[in-house]
Amino acid sequence: MSLKGYNTKVGYYEETSFGTKPEGTDTSSITYSPPGYVSRIAMDIEPEILEIWALGSRDVAELLRGRKAVSVSIEYIPVDWVFARYGIDNIAKSVAIWVNLVDISKHLVLLGCKADSVSFEVAEGEEAKMTVELIGKSSDDAAPNYASIGSVSGTPITFKDVDIQKNGTSIKSNVKDFSLTIENNLEPIHVLASEEPIDILEKNREITGRIGLTFKDLTEYSEVVGDTEFTLAIVCGGKTITLSGCKWEKWSSEITPEDIIYLPLDFRAKSISIA
C-alpha cells in the first residue's frame, strides 16, 4: 500500500533522559501531543559515509558508516507556544518525535531532539505559521509502548488573534505582516567510539525578524538614523513574547503610483522572553 501524507500522525513528548524514548506502562499510558495543526514534516537520517581508498584500484575500497546525523523540520499552524518554547526558554530540554505512518503500519521515533531554530510568521488575512527545526541524537522504528498520539486541542491562531506592540503600545492597526526567527546554533557533541552525539549544546543565539507596515510617517526612519533601541512584543496564544534591545537593520521603501506604500523593516533583538 502506498503512503498517503494525510494519514500520517505526529506527536512529541518531553524526555526525562536525553535520547531515551518516553514510554508508558501497563497501568499508566502516556500521550504524545501534536505541536499544532501539522502541515509538513521533513526527516533526515544521514550516516555520513566514510570512503576508504587504497593503492591498487581506482575504485573505493570500503564504504563505512561514520557519525549519524538526525534532523527534523516541522511546520504547523499553532494554537499556543508550548512546542515552540523548546527553542526559546526550554532549550536545555529534549523531546522525542513520534511519526506514525498509518497506511503502512510503520513508525519512526526521533530521539534526543532539540530545537535548533524557531520561526513564527503571520500576515493579514492568513493563519499564523510556525516552523521548528530540530537536531536529534538517534532514531528508532518501534512505536513507544503503552503510548498514543493525541489530537490537537485549541483554536488555530490567525491574524485576528495577534497583537504587535512597540514600547508597550499596540501597533497592530499599522502592521501588514510580521515574522520572527530564533536561531540557537546547536552543535552535536561527538566523541570517539560512538556514532551518536553524547549531547547537543546551544551556542550563540540570534534573534531576527521583519515587520511590514503601512507607511504613515518617518518614525522608523528617525529610529534608524538615530540608532534608537526599542522593545517589541507579540501577544497571541495566551502568551506575550517580548523582544528586548531591538534595532532596525535598515530603512527602505519602494513607491509606485498604483500601490499603497509598504514599509518592510528588518530588525534584530538582543534577547527574548515569554510570559
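Start by selecting Lys166 and Phe230: the charged end of Lys166 sits over the ring of Phe230, 5.2 Å from the ring's centre. Before you move on, keep in mind that you are looking at a predicted model.

**Stop 1: around Phe230**

A pair of aromatic rings is described by the distance of the centres and the angle of the planes. Here the centres of Phe230 and Trp248 are 4.5 Å apart and the planes meet at 35 degrees, so this pair is tilted. Now colour the strands. Phe230 belongs to strand S18 (residues 230-236) and Trp248 to strand S19 (residues 239-248), so the pair links distant parts of the chain, 18 residues apart.

**Stop 2: an aromatic cluster**

How many aromatic pairs does a search of the whole structure find? The search finds 11. For one of them, select Tyr76 and Phe83. Their ring centres are 6.0 Å apart and their planes stand at 65 degrees, so you are looking at an edge-to-face pair. Both Tyr76 and Phe83 are buried.

**Stop 3: Lys114 and its two neighbours**

Select Lys114 and Phe18. The charged end of Lys114 sits over the ring of Phe18, at 5.6 Å from the ring centre. Side chains of opposite charge can pair when their charged atoms come close. The side chains of Lys114 and Asp199 do meet in a salt bridge, with 3.5 Å from N to O. This pair links distant parts of the chain: Lys114 is in strand S8, while Asp199 is in strand S16 (residues 199-202), 85 residues apart. Compare how the two partners are covered. Lys114 is buried, with a relative accessible area of 6%, whereas Asp199 is partly exposed at 26%.

**Stop 4: salt bridges elsewhere**

A search of the whole structure finds 17 salt bridges. Let's visit two others.

Select Glu187 and Lys203, whose side chains meet in a salt bridge at 3.2 Å, N to O. Glu187 lies in strand S15 (residues 186-189) and Lys203 in the loop between S16 and strand S17 (206-214), so the pair ties together parts that are 16 residues apart in sequence. Glu187 is partly exposed, with a relative accessible area of 35%, and Lys203 counts as partly exposed at 47%.

Now go to Glu249 and Arg268. Their salt bridge has its closest N and O atoms 2.8 Å apart. Glu249 is in the loop between S19 and strand S20 (262-269), and Arg268 is in strand S20, so this bridge ties together parts 19 residues apart in sequence. Glu249 counts as partly exposed at 44%, and Arg268 is partly exposed with a relative accessible area of 38%.

**Stop 5: the loop between S7 and S8**

Find the loop between strand S7 (95-101) and strand S8 (106-123), and select Asp103 there. Which side chain does the side chain of Asp103 contact? The partner is the side chain of Asn7, in a polar contact of 2.8 Å. Asp103 is buried, with a relative accessible area of 13%.

Ser105 is found in the loop between S7 and S8 as well, but Ser105 is exposed, with a relative accessible area of 57%. Look at its backbone, too. Most residues other than glycine have a negative phi. Ser105 has a positive phi of about 55 degrees although it is not a glycine.

For another positive phi, jump to Ala193, where the value is near 70 degrees. Ala193 lies in the loop between S15 and S16 and counts as exposed at 88% relative accessibility.

**Stop 6: a patch on the surface**

Finish by showing the surface and selecting Leu50, Ile52 and Leu64. They form a nonpolar patch there, with about 240 Å² of accessible area together. Leu50 is in strand S4 (residues 50-52), and at 45% relative accessibility Leu50 counts as partly exposed.

How values were computed
Residues numbered from 1 in each chain as written. Predicted model: local features only at pLDDT ≥ 70, side-chain atom pairs only at ≥ 80, totals over all residues. Heavy atoms only, no water. Phe/Tyr/Trp six-rings, centres within 6.5 Å; stacked < 30°, edge-to-face > 60°. Buried < 20%, exposed > 50% of the residue type's maximum accessible area, 1.4 Å probe, protein only. Helix = DSSP H or I, 4+ residues; strand = E, 2+ residues; numbered from the N terminus. Lys NZ or Arg CZ within 6 Å of the ring centre and 35° of its normal. Polar contact = N/O pair within 3.5 Å; in protein donor to acceptor, adjacent residues only side chain to side chain. Salt bridge = Lys/Arg side-chain N within 4 Å of Asp/Glu carboxyl O. Patch = residues over 30% accessible without salt bridge, like charges linked within 9 Å, V, L, I, M, F, W, Y side chains within 5 Å. Areas by Shrake-Rupley, 256 points an atom, 1.4 Å probe, with all protein chains shown as cover.
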